[in-house]
Amino acid sequence: MLTALHHHEFKAMNCTIGFWVAGGCATDAQAAFAAAEQEVHAAEQALSRFLAHSELSRLNAAAGRCAMPVSGLLWDVLSVALTAAESTGGLFDPTVLPALRAAGYDRSFDDLAGHHLELRPDATLHRPRWQEIEMRAASHSVRLPLGAAIDLGGIAKGWLADKLADKLADCGPCLVDMGGDIALRGRPPGEPGWPVGVADPLHPDDDLVVLALSDAGVATSGRDFRTWMMGGSPQHHIIDPVTQRPVHTDVLTATVVAQQAAVAEVLAKVALLQGAEAGIAWLGCRPAEGLLVREDGTLALTPRFSDLAWSEQGVPA
Amino acid sequence: MTRAPLKVAILAISSLLTMAGWTALAASTTPGDQTAAAKQPLVLVQNIAPVTTASPAQTAASVTTPSTGSTASSATVTRPSTNTTTRSIARTRSSR
């Protein structure tokens, strides 16, 4: 039986965002899409580090001074980011922004692409600061230590994907795609899941595999796209919290399926940081599945990742 | 002095997150201790119905693992053929 798929797509947060709902009333779906899009735009205004007057930019500018009262949105996303930092022993670090700026990523990627930047002061002057951030629940305020600055880009998209998917689920099975960070609730009737492709970083128009996913989150972290040149050397946006420089591993992209998109985003980034062998072993100890693409094009995956693949023939019940 | 507020924050967000989701960040065991059978995959597609013409996806590239890799913590595979008519409605990739 054919099921109607309702779809809405727009640009925000420097990426293309898509919503899908399977079945139900088109009018209800469109109304839910409109409300969800408004939430995305509001989140961008609050959480973008590229908007000088965003709430996050004001918080970063207040580093070293008094605690700043923050909105529930910034409080929630920052709390999630710090939880992720704590849970990964700092391998995920929301305070690498100074190192990211030192590497040249000090403007939106649309403005950065194609530029050849001059070398800047040594990024090793920076160090992780996430443990020094003060979250003051009583006053709902945050104080950053002097010199610290936060980037919530990736985890904010994952967090929003989860939040919006929970809301759109009132309309039916749904998928929220925040530029590659994807949250799914339910599955289209009669289908094994939502068909989600894993992009091939070496052939960007192709999928490496199509997954059948439901009630999950999937995210990919990679150094295949947001790259630029500085001082004659290629740079990218995945910073190693230890060296405070763009990481050099054998992994080009890391894709992780977890229960939530925000969790998948964090796990993917940390797996990439560790390299293929250690990254897969690390993922193997967590309730998640992952696929890493090495620079030479070979793949490394957790033992049951292939179970998630959309079956071509299906398996008789 | 700076640690206590962070702990408070972690407790405060417990209502925002399912514990199951965020325990994904913490190791459930040590590398090498866990077999594939012991893992609890988040989404297991089993006993699925055949893909019909009404399916959002037509076919999918298959990823195969070496037979010796069934209980290993990792497996290295060759790249799947891309001569399929894969059709996904969304793609996960590094942020665009």
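From the N terminus on, the elements of chain B run α-α-β-β. That is two helices and two strands, where helices are DSSP runs of H or I with at least four residues and strands are runs of E with at least two, numbered from the N terminus. Chain B has 96 residues, and 31% of them are buried. Buried here means that 20 or more other C-beta atoms lie within 10 Å of the residue's own; exposed means 12 or fewer, partly exposed is in between, and the C-beta atoms are placed from the backbone.

Before I go on: this is a predicted model, in which local features need pLDDT of at least 70, side-chain atom pairs count only at pLDDT 80 or more, and totals for chains, interfaces and linings use all residues. Residues are numbered from 1 along each chain as its sequence is written, with chains lettered from A and ligands numbered from 1 in the order in which they are written.

An open sheet of three strands has the order S10(A)-S9(A)-S2(B), with mixed pairing. Strands count as paired if DSSP finds at least two bridges between them. From one strand to the next, the twist averages 40°. S9(A), residues 194–200, runs parallel to S2(B), and three bridges join them. In that pairing, A:Gly197 stands opposite B:Arg91.

Next, strand S8 of chain A. Five of the five residues of S8(A), 181–185, are buried, so the strand is largely enclosed by the rest of the structure. A:Asp181, A:Ala183 and A:Arg185 point one way, and A:Ile182 and A:Leu184 point the other way. In general, side chains in a regular strand alternate between the two faces of the sheet. S8(A) pairs with S7(A), residues 174–178, in the antiparallel sense over five bridges. These two strands form a hairpin with two residues between them, and A:Gly179 in the turn has a positive phi of about 65°. S8(A) also pairs with S11(A), residues 216–222, antiparallel again, over three bridges. A:Leu184 of S8(A) stands opposite A:Leu175, and its bridge partner in S11(A) is A:Ala216.

On to the helices. The axes of H6(A), residues 153–168, and H7(A), residues 261–274, come within 7 Å and cross at roughly 150°. Axes are lines fitted to C-alpha atoms, for helices over the stretch in contact, with angles from 0 to 180 degrees between N-to-C directions. That crossing makes H6(A) roughly antiparallel to H7(A), a label for angles over 145 degrees; under 35 is roughly parallel, 65 to 115 roughly perpendicular, and the rest oblique.

Last, H8(A), residues 276–283. Six of its eight residues are buried, so H8(A) is largely enclosed by the rest of the structure. Among them are A:Ile280 and A:Trp282.
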